[in-house]
Amino acid sequence: MIGSASETARPFVLIGILLAVTSLAHHLGGGLSHEFQPEESALALGFLLLFAFLVGQIVRNFGAPMITGFLLAGILAGPHGLGMVNTAAVEPLRLVNLLALSLIAFAAGGAMKISRFRTRARSLVGMALGQVALVLPLAFLSFLLVFGLTGIMGSEPAVVVSAALLFGVFCVTNSPAEAIAVLSETRAKGPVAEAIIGVTVLVDLLVIFLFGVAGAVAHTLTGADDAGGSGFVGGFLYEQGVSFLVGGLAGMAMITYLSRFQKNVPLFLLGVAMVIVAICQKMDISPMMMAITAGLVVENASEEGERFMVGLHHSSLPVFVIFFSLSGHKVDLSVMAELWPLALLAVVLRVAAVRQGTLWGARWGGEEERVARHAWSGFVGQAGLSLGFAVMIATEFPPWGEKIATLIVATIVINEFLGPILMKRSLVAAGETRREGAADSQN
Amino acid sequence: MDMIWIVIVLFAAGYLGSRFAFAKERLPALLRDTFLTGWEFIFIGMALGPLGFDLIDAERMGQLAPVMALGLAWAGLIFGMQMRLVDLKKVDRGLLKLTFFQMAVTGMVVFGIYLVMVAVGRSFGSSGLFAGAAVVAAASSISSPTTLSLIAGSYPRTSAPLFRKLLTVSTLDVGPALVAVGLVFCLFPAGGGGAFDLDRGTTLLFFSILIALALAGLFRYFERRQLKPEEELTVLLGFLALISGVALFLKLSPLFLALMVGVALANTLTRDDPVFAALFATEKPFYIILLILSGLLWAPSGGEMFAMAMAVMLARAWAKGVSVRIGADLFRPEGGMPRDGGLGLMAQGALALAIGINYVIVYPGDASRLAFGVIAFVVALNEIVAPFFIRQMANRDAASRKGGR
């Protein structure tokens, strides 16, 4: 909804001042360099935080979620837009990405109250399996055909099958990051919100397993390395297993703190997220799995879940702003220009399959039709985990893996914008958002 | 040590340190006064840095520059936001004159002494010489209200007027020092090799003021009252990062730029604006982090550094003592000022360290390393002795009032 004229104009005026100040600084300082300079990183951090927040406010005024604005701000600020922030300057800020993923995974784990979900377990599992069962084969077969007919992956059948399989698994991934960010912004509560977060986490857990299997199959088919598929699967399972165990311990430690101290919970959670990132970098394990487990333990093994979630809510916005604007900054518009027809095909197929799979799964699980009709839009967005897959595929399967990774990134870009908008609309339509709910009750 | 661990250690130390550094009531009086303001955290920083276990090496310290600049912007902003014209007008004129007089005298004395010592002992060239001397002088001319306010609580109400006056002096004398540092950074632009350049200096000064006003306008126009607490935090963080980023990028003083923004905001925002509470709530952790960073930055710069520091400390103590005595006779502040009132202004506090850190990160090199070493050593010594001097002065004042009665 658009507010008063001055309220709507305010972010534009502020963006004008911000651009003028930053441009003046660039001019006086002799322009941006193309190498890493600490002072450019500091300037980029300040600019991105304020710019993305303001663009977020503008899109919110038009009814879209703020993270769409954060993403857009990243593109606008980057080398393909206004050129206010260069790639070298944001490199050190990528640390914030890992921090954001940890906070998002905390929230995803914390949202999984097992006692609450137990009554709906069948419907949640149904929706998750429905998506996997429909999206994976449909995407696999469609892109097997596309890759085979266009020849963009070469003519070797093993490579074409492997590429289609990995791309099919990618299509199954959701985005806990986007789901949590939209739920956090709208403060939505209710069966649709619960279904979105529950199914998103379940699907991502399934996808982690599926990706391990698909990677092993691709290794075996293409003979990509000496260790073959078993090495790939073994490494993957080891990483997730250790992350799960260490995450459990981190959760217990967090319960100890939360039950003894009342103050500074947001600061404490930010600190724990940083420690998790540091441990994961040291041990080469997954921060996502570790933080999901920690959040799950706090929510289900203590009485501190409510304070944990409120603390997370208060500490996460600045991190989300940086995370999503950096995601936008990374978008290469020249790649988009080249691959958009294929990416668009993937998006259309995926949206249709996600919607139908969710509806079938919900029906099988005995879920209300109304919930499934709204919840499916929460599974359109894609971000963190899928980007991680793109990087892994590019690294593990050169040179064709790089092409798949590029297509994945192009698809993610469209879904990153589409997902939050669809999800927010559905939450509003379901009457689960706090702001809109309040407005409705006044009316 | 990895960057992420450094950030974790710094923030954990700041958070935990702020809980314990100012809670020493149970310690014996001598120990409590010796460690009154938490200066021991400088040594924790030294232990972590190149002078100690070298867990954080010089290269990592360079990468920490944006974090340090953020801390400096915070310090400048928090100080600037206390400078309300309405409140300043209420301060007794005599006390105001005394404040600036003692600050100027101390600054000039230390400037001269340091200039001579460095000119004789080192060959830094004119820019390193003058800029370094000016920075050491600015850091020496200021006093810290923290020690005074920590001690004031243990005195009867009859001593309150004296402490109030000293607190006013020690709060206000920081402003001109930060302005002086800002001017030095403009006139000796680090971007141009640190040589004196009036043309570029004037341009930089003009644009600094323009940028500061624009940044203040940006913050003012945000309509933050409609924001949720987490949105308010995002805006404040972004704003601090932008101030420090602009200053670092232009090789200006983040303290100076933030001070100007703070003054502009202090005089345009209402007293109940949430930004005041948000900034003051983080005062103690940031103070501890500044102390640790000072220890980390303290690189070895020759044995004569200690001799120079001792000379600066003595010159400063003498100048403060004499200037307060003369100033009290000349300007006659309301209710008078004890002749040994200068003893109450011995502590320097975190802003002196911030001035030193500012110099090191914008002008890396031997001259700034030496100047910072001197500043940090003098601050540490003054933090140890200041509580005893303050008590001595307050006890004498109480005794003289009793005798007078």
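Me: How many of the 24 residues of helix 2 of chain A are buried?

Reply: In this predicted model, 22 of the 24 residues of helix 2 of chain A are buried, so the helix is largely enclosed by the rest of the structure. A residue counts as buried if 20 or more other C-beta atoms lie within 10 Å of its own.

Me: What span does helix 2 of chain A reach, and what is expected?

Reply: Helix 2 covers residues 38-61 of chain A and reaches 35 Å from its first C-alpha to its last. That is close to the 34 Å expected at 1.5 Å a residue.

Me: Which residue takes a positive phi just after helix 2 of chain A?

Reply: G63(A) does, with a phi of about 90 degrees.

Me: At what angle do helix 3 and helix 18 of chain A pack?

Reply: Angles over 145 degrees count as roughly antiparallel. Helix 3 (residues 66-77) and helix 18 (residues 400-429) of chain A pack at about 160 degrees, with their axes 8 Å apart. Helix 3 of chain A and helix 18 of chain A are therefore roughly antiparallel to each other. The crossing of these two helices is left-handed.

Me: Which residues meet there?

Reply: An α-helix has 3.6 residues a turn, so residues three or four places apart point the same way. From helix 3 of chain A come I67(A), T68(A) and L71(A), and they meet E416(A), F417(A), P420(A) and I421(A) in helix 18 of chain A. By class, this contact has five nonpolar, one polar and one charged residues.

Me: In chain B, at what angle do helix 5 and helix 18 cross?

Reply: Their axes cross at roughly 140 degrees and come within 10 Å. That makes helix 5 of chain B oblique to helix 18 of chain B. Helix 5 of chain B passes helix 18 of chain B in a left-handed crossing.

Me: Which residues of helix 5 of chain B meet helix 18 of chain B?

Reply: Among them are A65(B), M68(B), A69(B) and L72(B), while helix 18 of chain B supplies residues including L351(B), A354(B) and N358(B).

Me: How many residues does each chain bring to the contact between the chains?

Reply: Chain B gives 39 residues and chain A gives 36. On the chain B side, the largest share, 16 residues, comes from helix 13 of chain B. The side of chain B that touches chain A has 28 nonpolar, seven polar and four charged residues.

Technical notes: Residues numbered from 1 in each chain as written. Chains lettered and ligands numbered in written order. Predicted model: local features only at pLDDT ≥ 70, side-chain atom pairs only at ≥ 80, totals over all residues. Axes fitted to C-alpha atoms, helices over the stretch in contact; angles between N-to-C directions. Helix = DSSP H or I, 4+ residues; strand = E, 2+ residues; numbered from the N terminus. Parallel < 35°, antiparallel > 145°, perpendicular 65-115°, else oblique. Left-handed = near helix turned anticlockwise from the far one by under 90°. Contact = placed C-beta atoms within 7 Å. Nonpolar A, V, L, I, M, F, W, Y, C, P; charged D, E, K, R; others polar. Expected span 1.5 Å × (residues − 1). Buried ≥ 20, exposed ≤ 12 C-beta atoms within 10 Å, placed from the backbone.
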